[in-house]
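Let's take a walk through this structure together. Have the sequence and the 3D view open as you read.

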Amino acid sequence: MLKRFEVKNFKSFKDNLIFDLSKTKNYAFNENCIKNGICNNAIIYGMNGSGKSNLGLAIFDIIGHASDSFSPYDLYSDNYVYAGAGLKLNDRVVEFKYVFEFEKVEVIYSYSKISADHLVSENLTIDGAIFVDIDRSKTVNKNKRTTKAVINFKGTESLNKDIENDSLSILMYLKSNANLDKRTKVNKIFYQMINFIDGMLYFRSLSDNKFIGTHVSNQKSIVLDIIERDKIEDFESFLNKVGIKCKLIKHLNDICFDIEGVPVSFFDIASSGTKALALFYFWISRISEEKINFLFIDEFDAFYHYELSKEIVEMLKKQNIQIVLTTHNTSIMTNDLMRPDCYFVIHNQQINSLPYLTEKELRFAHNLEKLYRASAFDSNDNDSE
């Protein structure tokens, strides 16, 4: 699981932003939202321009160099470095830090970049011991631009550690060139981290099917995908379950509403919300087959009625994966749905869950939405334990 994430100098984030999913409380309700002391279901709020989308892009930066999964360069490469960073090279280094936990073992992967596809440094520790370390700013051979990497996994003693490619992560280098014995616990944990990264998925609940992660083609048509996978009846059942009463049929290689025997193309007359549901179905129906384990949906309910938003959250909570959502919809900020330590607010380069934004002891009976609208959680300086 992702336990903690930090980013600095990326897009709108000048200072170090810390997204800590392990700062949970001992609430005796909605306990399934927490797993092994880590927030398993999180919803992020924030004003327009506060950085919700950029946080998602920052978390998924790792896909571009440490996974074979789909990573569209144009989605996050523009304005990659914080605009006010200055002109000196040292000032323009973007820093990332991921803290994972697998089988109660903490794994920390830190790296820095000067652009979306140019790594400067990498460091990987497992249970406090260093297993990967490289600083490409300190080259061994100036002509070949090679850098000596520290790789301490058992079984990599004869592996070439002179690294030339600054767009290739040591993680991918090991994945492609080393066959580590998975019977060794450290090696097993390493592969669990690699599998977790490969199973990360980001998408936006908007009309354009922009996403990061998995191996699905970016050009995949939602309609053709549902037809090819013989999922029309399942899609119809899904729509009916969330309140869109309809009958769907295949007609001329298209999905159509059957309106009293007359076929009408689904995307010709579907509302924005129904189209957003089609996109959501496209992904939710393949979570198990794509082996998704971490899901980030930006503006997940941009076109939904508030009751539908709750239904979607309940549906996602049933998936056996870690989920982070962003929204402006305060009607779902309720203890009936989740719990205070699972609702986060991003503001002024900081992100904290509700219990750490107020001195009030939050309980099940509290109306979180009312408190939020009354500015009870505006103090981002309150970071007490």
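We begin with a sheet and the helix beside it, then turn to a cavity.

This is a predicted model, in which local features need pLDDT of at least 70, side-chain atom pairs count only at pLDDT 80 or more, and totals for chains, interfaces and linings use all residues. Residues are numbered from 1 along each chain as its sequence is written, and side-chain values use heavy atoms, with hydrogens and water left out.

Seven strands form an open sheet in the order β2-β1-β6-β7-β8-β9-β11, with antiparallel pairing. Strands here are DSSP runs (E, at least two residues), as are helices (H or I, at least four), numbered from the N terminus; two strands pair if DSSP finds at least two bridges between them. At the edges sit β2 (17-20) and β11 (150-151), each pairing on one side only. Helix α1 (residues 52-59) packs on this sheet and touches β1 (2-8), β2 and β6, where contact means heavy atoms within 4.5 Å.

Within the sheet, β6 (residues 94-102) and β7 (residues 105-115) are antiparallel partners over nine bridges. Glu95 stands opposite Ser112 in β7.

Now for the cavity: the lining of the largest cavity comprises Asn41, Val313, Leu316, Lys317, Ile323, Leu325 and Met338. A cavity is a set of points on a 1 Å grid over the protein atoms alone where a 1.4 Å probe fits but cannot get out, and lining residues have an atom within 4 Å of a point. Helix α10 (306-317) and strand β19 (322-326) each supply at least two lining residues, and α10 gives the most, with three.

Definitions and conventions. Axes are lines fitted to C-alpha atoms, for helices over the stretch in contact, and angles run from 0 to 180 degrees between N-to-C directions. On a 1 Å grid over the protein atoms alone, a cavity is a set of points where a 1.4 Å probe fits but cannot get out, and a pocket is an open set with protein on both sides within 12 Å along at least five of seven lines; lining residues have an atom within 4 Å of a point.
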